[in-house]
Amino acid sequence: MGRVTTNRKLAGAIALGCLMAALSTACALPGTTAGRGLDEKSQSFRAHDVPPDGYYDPAKDKTGRELLTTLSQIISRNRDLGYDAARDLMFGWIDDPQGIDTIECVYTGRRLTGVTDRTTAFRNGTGLNTEHTWPQSMGAKGGKPRSDLHHLFPTDTKANSSRGNAPFGEVMSPLIMLPDLPMMQDRTRSGLDEHGLAVFEPRDVHKGNAARAILYFYTRYALKGGGGISLANFQKEKAVLLRWHAEDPVDDAERLRNDSIYKAQGNRNPFVDHPEFVSQIGAFD
């Protein structure tokens with residue numbers, strides 16, 4: 001599929017999300033400006049966007065709980081694109097920045113070609129699924145929490161199922177290792193931690209990304225209370241997530257993904273823009 005055609009599909013997905021959210025103002029389309037047609041998909045990614053001037057000004061000089069609360073307020077104005085439109089954007093644009101219709105599973109590294117939306121990704125259950133880094137059973141359901149792209153990632157269907165709703169942690173006794181290629185050193189594990197608790201450990205290259213996705217979700221949704229958000233997993237995994245954040249720092253790909261999601265839903269992950277916020281907050285409770 002050509003890039004211009006793909007961009008039209010992306011524009012349609014965002015338009016659908018805008019309609020579902022009943023927005024009173026027009027949504028910005030990736031790679032477009034007022035009075036101009038859609039650019040080639042690749043032209044949307046020539047440079048990183050920076051946060052708008054003043055975006056984080058309210059957080060200046062704050063620490064601890066005060067900083068956490070302020071960041072929650074800053075990022076709370078995201079659009080609800082709707083779950084179908086959000087997945088189409090993820091598979092068709094967010095996680096295909098080169099515009100080559102190829103998507104990689106964040107847990108296994110498996111790459112699937114010919115992917116332009118959620119339908120071509122799934123392929124009767126043999127393709128890719130959508131991972132809710134904060135599980136739906138723990139409160140990522142209904143409206144914005146379910147469709148928030150900052151914690152959604154493409155994953156192999158088997159890897160997605162192997163995690164279920166387990167908390168993140170470091171596996172000492174593996175039960176499942178993916179991909180099933182013993183010669184690979186960096187693999188995703190599902191099994192038991194040192195205390196015998198069932199946990200899920202992503203491959204090293206995704207650990208920091210998963211940690212920052214969880215910290216984002218906690219900051220955006222859990223602080224407000226209600227909404228059926230459960231902290232059962234978060235309390236178990238928090239310490240290891242803070243370590244993964246430090247050990248697997250933000251890279252250019254993660255910054256670009258943050259920029260792309262900002263274009264789509266209108267808010268940012270502050271822990272990608274400012275990794276130092278994590279240590280400045282401290283306890284996350």
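Colleague: Does K62 count as buried, partly exposed or exposed?

Modeller: Keep in mind that this is a predicted model. K62 sits in the loop between α1 and α2. Its relative accessibility is 22%, and buried would need a value under 20% while exposed would need one over 50%. So K62 counts as partly exposed.

Colleague: Which residues does K62 touch, leaving aside its neighbours within four places in sequence?

Modeller: Start with the distance along the chain: K62 and I281 are 219 residues apart, yet their C-alpha atoms are separated by 8.7 Å. Now for the contacts themselves, leaving out neighbours within four places in sequence: K62 meets L67, T70 and Q280.

Colleague: How is the protein built overall, and what share of its residues is buried?

Modeller: In secondary structure, there are 11 helices and seven strands. If you take the contacts between residues at least 6 apart in sequence, 69% of them join residues at least 24 apart. As for burial, out of 285 residues the buried share is 52%.

Colleague: What does L71 touch, beyond residues up to four places away in sequence?

Modeller: L71 is one of the core residues that touch the most other members. Not counting residues up to four places away, its partners are Y56, A59, T219, P270, F271, F277 and I281.

Colleague: How are α2 and α7 oriented to each other?

Modeller: Two packed helices are described by the angle between their axes and the distance between the axes. For α2 and α7 the angle is about 80 degrees and the axes are 8 Å apart. R65, L68, L71 and S72 of α2 meet Y218, T219 and R220 of α7. Angles of 65 to 115 degrees count as roughly perpendicular, so α2 and α7 are roughly perpendicular.

Colleague: And α7 with α8: which hand does that crossing have?

Modeller: The axes of α7 and α8 are 9 Å apart, at an angle of about 130 degrees, and the two helices are therefore oblique to each other. As for the hand, α7 passes α8 in a crossing that is left-handed.

Colleague: What classes of residue make up the contact of α7 with α8?

Modeller: On the α7 side, the residues are K207, G208, A211, R212, I214, L215 and Y218. On the α8 side, they are F234, E237, L241, L242, W244 and H245. Sorted by class, the contact has eight nonpolar, two polar and three charged residues.

Colleague: Which hand does the crossing of α3 and α9 have?

Modeller: The axes of α3 and α9 come within 12 Å and cross at roughly 135 degrees, and α3 and α9 are therefore oblique. The way α3 passes α9 is right-handed.

Colleague: D61 and F284 both have a positive phi. Which is buried and which is exposed?

Modeller: Most residues other than glycine have a negative phi, and most peptide bonds are trans. D61, with a phi of about 70 degrees, lies in the loop between α1 and α2, whereas F284, with about 55 degrees, is in the segment after α11. The relative accessible area is 73% for D61 and 1% for F284. So D61 is exposed, and F284 is buried.

Colleague: Where is there a cis peptide bond?

Modeller: Look at P179, in the loop between β5 (173-178) and β6 (188-192). The omega to check is about -5 degrees. That cis bond joins L178 and P179.

Methods. Residues are numbered from 1 along each chain as its sequence is written. This is a predicted model: local features need pLDDT of at least 70, side-chain atom pairs count only at pLDDT 80 or more; totals for chains, interfaces and linings use all residues. Side-chain values use heavy atoms; hydrogens and water are left out. A nonpolar core is a set of buried Ala, Val, Leu, Ile, Met, Phe, Trp, Tyr and Cys residues joined through side-chain atoms within 4.5 Å. Buried means under 20% relative accessible area, exposed over 50%, partly exposed in between (1.4 Å probe, protein chains only). Contact means heavy atoms within 4.5 Å. Helices (H or I, at least four residues) and strands (E, at least two) are DSSP runs, numbered from the N terminus. Axes are lines fitted to C-alpha atoms, for helices over the stretch in contact, and angles run from 0 to 180 degrees between N-to-C directions. Angles under 35 degrees count as roughly parallel, over 145 as roughly antiparallel, 65 to 115 as roughly perpendicular and the rest as oblique. A crossing is left-handed if the near helix is turned anticlockwise from the far one by less than a right angle, and right-handed if clockwise. Ala, Val, Leu, Ile, Met, Phe, Trp, Tyr, Cys and Pro count as nonpolar, Asp, Glu, Lys and Arg as charged, and the others, Gly among them, as polar.
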